[in-house]
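Reader: I have a model open on my screen and some questions about it. Can we go through them one at a time?

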Amino acid sequence: MSDLKSVVRTIPDYPKPGVMFRDITTLLGDARSFRRAVDELVQPWAGSKIDKIAGIEARGFIIGGAVAHQLSAGFVPIRKKGKLPHATVRIAYSLEYGVDEMEVHADAIHPGERVILIDDLIATGGTAEGAVKLMRQIGAEVVAACFIVDLPELGGADKLRAMNVPVRTLMAFEGH
């Protein structure tokens with residue numbers, strides 16, 4: 001995976017001093033790298049019965065759509081409050097500095113459906129933890145959570161594993 005890691009751009013001091021922002025738009029813009037990342041995320045579940053891929057706004061939509069296509073699964077967008085036009089189910093979740101809410105259409109997932117959660121990066125895990133709780137609230141069996149980048153020092157992947165959700169990441173970066 002080292003060649004994939006080299007395609008991710010690092011932007012120092014964004015969005016604030018001391019933060020090393022890991023920008024996957026460079027990976028998405030490189031056709032070969034994007035294809036390889038999607039193939040690597042799909043590989044453990046090829047041939048398995050996966051009903052839906054749930055992608056977290058916004059980069060999770062890009063990656064999740066490609067993964068859903070490869071697995072012949074449906075795609076479910078998890079959006080910020082107020083962005084979906086039909087009846088929704090909502091959950092509040094913790095951010096590094098506060099609380100936000102995310103929602104999904106109430107009829108997007110049927111009880112017992114096998115769902116994989118997708119986003120670009122896992123850091124503190126607040127958003128992903130909220131998404132897992134939301135999926136479970138509407139009856140999904142969360143099979144796994146997948147991310148291109150892990151920031152292991154921030155503990156998000158461990159937080160999901162403590163919820164009995166297997167985590168797959170393609171690369172890890174030390175620091176924030």
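Reader: In which loop does alanine 58 lie?

Author: First, a caution: this is a predicted model. Alanine 58 is joined to glutamate 57 by a cis peptide bond, with omega about 0°. As for its place, alanine 58 lies in the loop between S3 and H4.

Reader: Which residues does the other cis peptide bond, with omega about 5°, join?

Author: Look at the loop between strand S1 (9-12) and strand S2 (20-23), where proline 15 lies. Omega is about 5° at this cis bond. The residues joined are tyrosine 14 and proline 15.

Reader: What is the phi of aspartate 13?

Author: Aspartate 13 is also placed in the loop between S1 and S2. This residue is not a glycine, yet its phi is positive. The value is about 60°.

Reader: Is glycine 64 buried or exposed?

Author: Glycine 64 lies in helix H4. Beyond four places in sequence, its contacts are Ile53, Phe75 and Ile118. Buried means under 20% relative accessible area. Glycine 64 has 0% relative accessibility, so this residue counts as buried.

Reader: Which residues of H4 are buried?

Author: Several elements cover the buried residues of H4, including helix H2 (25-29), helix H3 (31-42) and strand S3 (52-56). Strands S4 (74-80), S7 (114-122) and S8 (141-150) are also among the covering elements. The buried residues themselves are Gly60, Ile63, Gly64, Ala66, Val67, Ala68 and Leu71.

Reader: Is serine 72 buried or exposed?

Author: Serine 72 follows H4 and is found in the loop between H4 and S4. Its phi is positive, about 55°, although serine 72 is not a glycine. Exposed means over 50% relative accessible area. Serine 72 has a relative accessible area of 68%, so the residue is exposed.

Reader: How many nonpolar residues does the contact of H3 with H4 have?

Author: The crossing of H3 and H4 is right-handed. H3 brings Phe34, Arg35, Val38, Asp39, Leu41 and Val42, while H4 brings Ile62, Ile63, Ala66, Val67, Gln70 and Leu71. By class, two residues of the contact are charged and one is polar. The number of nonpolar residues is nine.

Reader: What is the relative accessible area of leucine 41?

Author: Leucine 41 is found in helix H3. Setting aside residues up to four places away in sequence, leucine 41 touches Ile63, Val67, Cys146, Phe147, Ile148, Arg168 and Leu170. Buried means under 20%. Leucine 41 is buried, with a relative accessible area of 2%.

Reader: How far apart are the C-alpha atoms of aspartate 150 and glutamate 174?

Author: Aspartate 150 has its place in strand S8 and counts as buried at 8% relative accessibility. Its contacts, not counting residues up to four places away in sequence, are Ile122, Ala157, Thr169, Met171, Ala172 and Phe173. Along the chain, aspartate 150 and glutamate 174 are 24 residues apart. Their C-alpha atoms are separated by 8.7 Å.

Reader: Which residues are buried in H5?

Author: Helix H5 (residues 126-137) has twelve residues and reaches 16 Å from its first C-alpha to its last, close to the expected 16 Å. Just after H5 comes glycine 139, with a positive phi of about 95°. Within H5, the buried residues are Gly126, Ala128, Gly130, Ala131, Val132, Leu134 and Met135.

Note on methods. Residues are numbered from 1 along each chain as its sequence is written. This is a predicted model: local features need pLDDT of at least 70, side-chain atom pairs count only at pLDDT 80 or more; totals for chains, interfaces and linings use all residues. Side-chain values use heavy atoms; hydrogens and water are left out. Buried means under 20% relative accessible area, exposed over 50%, partly exposed in between (1.4 Å probe, protein chains only). Helices (H or I, at least four residues) and strands (E, at least two) are DSSP runs, numbered from the N terminus. Contact means heavy atoms within 4.5 Å. A crossing is left-handed if the near helix is turned anticlockwise from the far one by less than a right angle, and right-handed if clockwise. Ala, Val, Leu, Ile, Met, Phe, Trp, Tyr, Cys and Pro count as nonpolar, Asp, Glu, Lys and Arg as charged, and the others, Gly among them, as polar. The expected span of a helix is 1.5 Å times one less than its number of residues.
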